[in-house]
Amino acid sequence: QSDESETDWIAKDLLAGRIWISTEASGLYLPQELGMDHASGIDFDKGCYLGQEIIARVHFKGKTKQVVRIGQLDQLVQGDEPPTVTDSEGASIGAVIQAAQLEDHWVVAAMIKRDARVEGARVGNAGLSFI
């Protein structure tokens, strides 16, 4: 029997690059934004499926404007809205889409603007370091 909690399990999944999207967030992100194309989560040889044209177009002709990044925080203040990620100047560069506490820190998945400078990133008053 393991003494791991559900939170530990979610945090370890995040560290492994597996993001779980809630029902409320379903449909908000392209699979490429969530890194599913690098984790064998998209089959570009499969037959027709809903959204295939958009997903294939991004894969073969472009790139997304935002991408998920995994990071760590010492503390996380949660409210009704997804916590905002800011750069060193205080400008918004994204939002936390999933978070779980692991031992004495938080592991977060944050949807970040692809071209954002992430050095000195923060969530509230806590420094965010990306893995």
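1. Start with Thr-86, which counts as buried because its relative accessibility is 18%, under the 20% cut-off. Keep in mind that this is a predicted model. Thr-86 sits in strand β2. Leaving aside residues up to four places away in sequence, Thr-86 touches Ala-91, Ser-92 and Ile-93, and also Gly-120, Ala-121 and Arg-122.

2. Next, the strand that holds Thr-86. β2 covers residues 84-86 and pairs antiparallel with β5, residues 122-123, over two bridges. Val-85 has Val-123 in β5 as its bridge partner.

3. Now the whole sheet. What is the strand order? The order is β6-β5-β2-β3-β4-β1-β7, in an open sheet of seven strands with antiparallel pairing. At the edges stand β6 (126-127) and β7 (129-130); each has a single partner strand, so one side of each lacks a neighbour in the sheet. Helix α1, residues 6-15, packs on the sheet and touches β1 (66-73), β3 (92-102) and β4 (105-113). The direction of α1 makes about 135° with that of β3.

4. β4 deserves a look of its own. Eight of the nine residues in β4 are buried, so I'd call the strand mostly covered, going by the under 20% cut-off. β4 runs antiparallel to β1, and eight bridges join the two. In that pairing, Gln-66 stands opposite Lys-113 of β4. β4 also pairs with β3, again in the antiparallel sense and over eight bridges. Here Ala-95 has Met-111 in β4 as its bridge partner.

5. Check the turn between β3 and β4 too. The hairpin has two residues between the strands, and Glu-103 takes a positive phi near 55° there.

6. On to the charged pairs. How many salt bridges does a search of the whole structure find? The search finds three. As background, side chains of opposite charge can pair when their charged atoms come close.

7. One of these salt bridges joins Asp-13 and Arg-18, with the closest N and O atoms 2.9 Å apart. Is Asp-13 buried or exposed? Asp-13 counts as buried because its relative accessibility is 6%, whereas Arg-18 is partly exposed, with a relative accessible area of 45%.

8. Another salt bridge links Glu-53 to Arg-57, and the closest N and O atoms are 2.6 Å apart. Both residues lie in helix α2 (residues 52-61), four residues apart, about one turn of the helix. Glu-53 counts as exposed at 58% relative accessibility, while Arg-57 counts as partly exposed at 44%.

9. There is also the pair of Arg-117 and Glu-119, whose side chains meet in a salt bridge at 3.8 Å, N to O. Arg-117 counts as exposed, with 63% relative accessibility. Glu-119 is exposed as well, at a relative accessible area of 52%; the cut-off for exposed is over 50%.

Technical notes: Residues are numbered from 1 along each chain as its sequence is written. This is a predicted model: local features need pLDDT of at least 70, side-chain atom pairs count only at pLDDT 80 or more; totals for chains, interfaces and linings use all residues. Side-chain values use heavy atoms; hydrogens and water are left out. Two strands pair if DSSP finds at least two bridges between them. Contact means heavy atoms within 4.5 Å. Axes are lines fitted to C-alpha atoms, for helices over the stretch in contact, and angles run from 0 to 180 degrees between N-to-C directions. Buried means under 20% relative accessible area, exposed over 50%, partly exposed in between (1.4 Å probe, protein chains only). A salt bridge is a side-chain nitrogen of Lys or Arg within 4 Å of a carboxyl oxygen of Asp or Glu.
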